[in-house]
Amino acid sequence: MAIPRTPTKTDRGLARKVLQTEAAAITALIHRLDENFDRAVKMLYECQGRVIVTGMGKSGIICRKIAATLASTGTSAFFLHPAEATHGDLGVIQPEDVLLAISHSGETQEVLRLLEAIRRIGARIVAITGNPASTLAQSADVSIDCQVSEEACPLNLVPTASTTAALAMGDALCMTLLVEKGFREEDFAALHPGGPLGRRLMRVEQAMHAGALAPIVSTSTRMPEVFHEMSSKRLGMTCVVGEDGKLAGVFTDGDLRRLMMRTPDVLGLTAEAVMTRHPITIDRRLLAVEALRVMETHKITSVVVVDSRRAVEGVVHLHDLWRTQMF
C-alpha cells in the first residue's frame with residue numbers, strides 16, 4: 001500500500017505531459033484509418049437490429065458513452081456488461097445485431113467468453129483494440145486498430161491514453177455513421193426534447209397557439225367582436241382572414257392605440273378597414289430561435305404561422321418563447 005505523503009505544489013509539468021500524451025494518442029489514429037474503418041461503418045449502417053457495445057472496466061465506461069452517442073444520433077444501441085452477459089444477459093442479442101467490443105489488450109477474458117456465444121447466435125462483431133494481433137481482433141468480423149505508444153500514467157499502467165483514444169475512435173465511428181444515415185438537425189431535436197439542447201432546437205409548432213387558442217377574425221368582423229377576440233386570446237393581436245380562409249392581415253394593440261388617436265368612430269369599422277396587410281409570417285417547422293430572430297428583426301411581439309396556402313395555423317408570442325427557457 002502506498003504511503004501517503006504531504007501534499008506539495010501541483011506538478012503542472014506532469015499535467016501538461018498527460019495532456020500532450022493523450023492528444024498525441026488521438027492524433028496518431030488519424031493515419032491508421034483504413035478500409036477496416038470503412039467496413040465497420042458499413043456494417044453499423046447496414047445493421048438491421050441493435051448495436052450492442054461491450055467492454056470491461058474503464059473500457060466499459062467508454063462503451064457506455066459510445067452507446068449513448070449512437071442512440072442519441074439515430075442508431076439503436078445499448079451497453080451490455082460482458083460479465084453479466086455470460087450469466088443470462090446474452091438473451092438480449094439477436095442474429096441481426098452487431099456487437100461493438102472494446103478492449104485495449106484484446107485479451108480481456110470477460111469479453112472473449114462472449115465470442116463463441118455471439119458466433120452461435122449469428123450476430124456480427126466489430127472490435128476496437130490496441131492489439132491487432134489479439135484474440136479479439138482476430139475473432140472479429142472487422143477490427144479497428146486503436147493502439148497507443150504509451151499511457152499518460154507516469155507508471156504506464158493506468159488506462160488513460162488508451163481509453164481516450166478508444167473514446168475518440170468511437171466518436172469518429174458515430175459521427176461518420178450519422179452523416180451516412182443523413183441524420184438531420186430536426187432528427188436530433190426529436191431525440192432531445194429535454195434539457196437546453198432540446199429547448200434550443202424546439203420547433204415553432206411546439207410553442208405556438210394553435211386551433212381555438214389562436215386569435216382569428218374575418219375581414220367583415222366588426223370592431224366590438226375584434227376587441228373581444230383579442231381580449232379573450234390575450235396575445236395583444238388577432239389574425240384577419242378573408243373569405244378564402246387565407247391570412248389577409250393582422251390587427252394589434254398598437255394598431256388600436258394609433259387608430260383611436262385619429263378615428264373617433266372606431267366601433268363602426270370592420271377588421272378589413274383597420275388591419276395591417278401583408279404581415280410577417282413563418283412556417284411551423286421553423287426553429288423557435290429563428291422565430292425569435294424574426295420578431296427581434298421586425299420589432300414585433302407576435303408572428304403568425306401559416307401553411308403553404310397562407311391559411312393560419314397558429315400564432316407565436318414572444319412570451320411563449322421566454323417560457324421555454326431556451327435562452
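Me: What does buried mean here, and how many residues of strand β8 are buried?
Reply: Buried means under 20% relative accessible area, exposed over 50%, and partly exposed in between, with a 1.4 Å probe and protein chains only. Strands (E, at least two residues) and helices (H or I, at least four) are DSSP runs, numbered from the N terminus. This is a predicted model, in which local features need pLDDT of at least 70, side-chain atom pairs count only at pLDDT 80 or more, and totals for chains, interfaces and linings use all residues. Strand β8 covers residues 237-241 and is largely enclosed by the rest of the structure, because its buried residues number five of the five.

Me: Which residue of β8 does Val217 stand opposite?
Reply: Strands pair if DSSP finds at least two bridges between them. Strand β7 (residues 216-218) runs parallel to β8, with three bridges joining the two. Opposite Val217 stands Val240.

Me: Which residue of β9 does Met237 stand opposite?
Reply: Strand β9 (residues 247-252) runs antiparallel to β8, and five bridges join them. In β9, the residue opposite Met237 is Thr252.

Me: Which residue takes a positive phi in the hairpin of β8 and β9?
Reply: This hairpin has five residues between the strands. The positive phi is near 80°, and the residue that takes it is Gly245.

Me: Is His209 buried or exposed?
Reply: Residues are numbered from 1 along each chain as its sequence is written, and side-chain values use heavy atoms, with hydrogens and water left out. His209 lies in strand β6 (residues 209-210). Because its relative accessibility is 18%, His209 counts as buried.
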